[in-house]
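Please open the model in your viewer, with the sequence panel beside it, and keep a selection tool at hand.

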Amino acid sequence: MIALSTVSSTLRRCCALFGKAAMLACAFSTVASADAQMPVTTIVAKRGALTERIEVVGSLAAREEIEVYPAVLGKEVRQILVEAGQHVERGQALAVLDTTEALMLLDKNAVSLLRAHAAVAVESSKIDVATVTEAEARKKLERSRSLQPKGAIADNVLEEDLNAHARAVAELRLARQSLELANADQQLIASERREIELTVQRSTQRAPSSGRILSRKARVGAMTSSSAGPLFVIADDDDIEFVAQVTETSFVRLREGMSAEITLPGRDRAIAGTVRLNAAQLDPKTRSGTVRIELADKAGLVPGVFARGSISVEDRQNVLLPGTAVKSTAAGHNVYVVSDGLVDIRPVHIGSQQGGFVEIVDGIREGEEVVLKSGAFLKAHERVRPVLAATPATRADASTSTQNPLGARLQ
């Protein structure tokens with residue numbers, strides 16, 4: 001009996017020891033399983049401000065180019081008074097043409113004008129004489145008419161007085177017409193003088209507006225001609241702007257008044273600008289249109305300089321993720337979302353991308369946890385151990401090149 005009791009107690013102690021060992025083994029197995037889960041770095045998806053920009057390439061150009069053509073044709077250029085690059089004021093002399101012939105005509109006209117004055121004076125005197133003659137003939141006719149009823153004068157005498165008065169009236173009329181003709185000649189000669197004086201005045205070519213001389217084609221000794229190009233080209237009021245060719249996809253999105261930034265070589269800071277004008281239509285061959293951007297700072301700008309710019313098209317709010325969190329394939333774009341330790345491969349639609357950020361248009365909600373570095377080593381429904389990283393700043397400028405439209409694949 002004592003031996004059986006001892007054996008039973010021993011068995012109970014052994015069973016207890018085996019139970020504790022099994023529990024410890026199970027606990028160790030659970031810890032080992034937890035340690036076997038893959039740790040992955042994740043971030044929380046957040047909405048951020050995004051400025052979409054269209055990148056453009058172009059050059060500086062005068063807002064308005066004034067072509068200065070010669071006002072007098074067929075004349076030799078005698079003197080050049082300005083050079084390209086020089087600033088001129090409105091009315092400033094640019095070049096001097098030959099005026100030798102015009103001055104000779106002016107001297108000849110002066111003599112003709114003196115003769116015209118003399119002719120007017122002579123005709124005026126003739127009118128005075130004709131007026132006196134007509135007055136005398138009229139008085140004599142009136143006297144004869146008063147005496148004729150009394151029989152004091154013969155009928156033939158009255159007839160002679162009538163004829164004399166008629167001749168006097170005709171001579172007075174003729175004198176007046178001659179004076180009108182002389183006055184007309186005088187006015188014609190005076191008009192010719194003004195025309196010659198205008199030719200002399202126009203022989204000094206002057207700037208029609210203030211601005212910078214962009215080019216000078218005038219040459220000393222050359223003859224002015226309507227078939228030749230302009231003598232000078234002036235940038236009106238030194239107003240320089242940025243001109244670029246924009247592809248069709250981007251052109252249709254641009255509107256006047258949009259803000260822009262233009263980067264010029266040799267300048268550390270970009271120049272602010274505003275879209276001033278869009279072309280009325282696209283070039284059917286290149287499928288591109290011209291956009292002109294007015295610049296806020298025009299000091300020291302040189303037309304023809306190559307420049308780059310960006311136009312702010314739209315400001316909006318969307319979920320922004322680092323580019324490493326988006327996996328792009330030929331089939332589309334995916335992100336790896338972690339929920340309760342399980343991986344979910346989520347297809348997404350992306351928008352603009354710039355500065356390391358990708359705009360998520362659809363597929364991810366704000367607050368979801370996303371794997372920071374997506375990769376092929378992760379599988380759907382795989383259990384992982386997420387390690388939350390600091391969320392980077394979610395402010396991005398999305399720039400779109402005129403050669404690469406929106407929605408291009410991540411690089």
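The stops below go from the whole chain to the helices, then to the sheet and the cores.

This is a predicted model, in which local features need pLDDT of at least 70 and side-chain atom pairs count only at pLDDT 80 or more, while totals for chains, interfaces and linings use all residues. Residues are numbered from 1 along each chain as its sequence is written, and side-chain values use heavy atoms, with hydrogens and water left out.

**The whole chain**

Begin with everything selected and coloured by secondary structure: the chain has 4 helices and 21 strands, where helices (H or I, at least four residues) and strands (E, at least two) are DSSP runs numbered from the N terminus. Of the 411 residues, 34% are buried, a term that stands for under 20% relative accessible area, with exposed meaning over 50% and partly exposed in between (1.4 Å probe, protein chains only). Among contacts (heavy atoms within 4.5 Å) with a separation of 6 or more, 78% are between residues 24 or more positions apart.

Select residues 155-202, which form helix α3; its 48 residues should span 70 Å at 1.5 Å a residue, and the end C-alpha atoms are 71 Å apart, which agrees. The expected span is 1.5 Å times one less than the number of residues.

Next, show the side chains of the buried residues of α3, including L158, D161, H165, A168, L172, A175 and L179. An α-helix has 3.6 residues a turn, so residues three or four places apart point the same way. The cover over the buried residues of α3 includes α2.

Now pick A130, which belongs to helix α2 (residues 100-147). Is A130 buried or exposed? With a relative accessible area of 7%, A130 is buried. Beyond neighbours within four places in sequence, A130 is in contact with A168, E171, L172 and A175. The C-alpha atoms of A130 and A175 are 7.1 Å apart, although 45 residues separate the two along the chain.

**The open sheet**

Move to the four strands in the order β3-β9-β8-β5, which form an open sheet with antiparallel pairing; two strands pair if DSSP finds at least two bridges between them. At the edges stand β3 (65-68) and β5 (87-88), each with a single partner strand, so one side of each lacks a neighbour in the sheet. Inspect β8 (residues 211-216) against β9 (residues 232-236), which are joined by 5 bridges; G211 has D236 as its bridge partner in β9.

**Strand β10 and the cores**

Select β10, where 6 of the 8 residues are buried. Antiparallel to β10 run β2, joined by 5 bridges, and β13, joined by 7 bridges.

Finally, display the largest nonpolar core, of 25 residues, in which F242, L254, I293, L295 and I311 have the most contacts. A nonpolar core is a set of buried Ala, Val, Leu, Ile, Met, Phe, Trp, Tyr and Cys residues joined through side-chain atoms within 4.5 Å. Elements giving two or more residues to this core include β2 (46-62), β10 (240-247) and β14 (306-322). Centre on L254 and, leaving aside neighbours within four places, find its contacts I54, V246, N278, V291, I311 and V313. A second, separate core of 16 residues includes I80, V88, A207 and A218.
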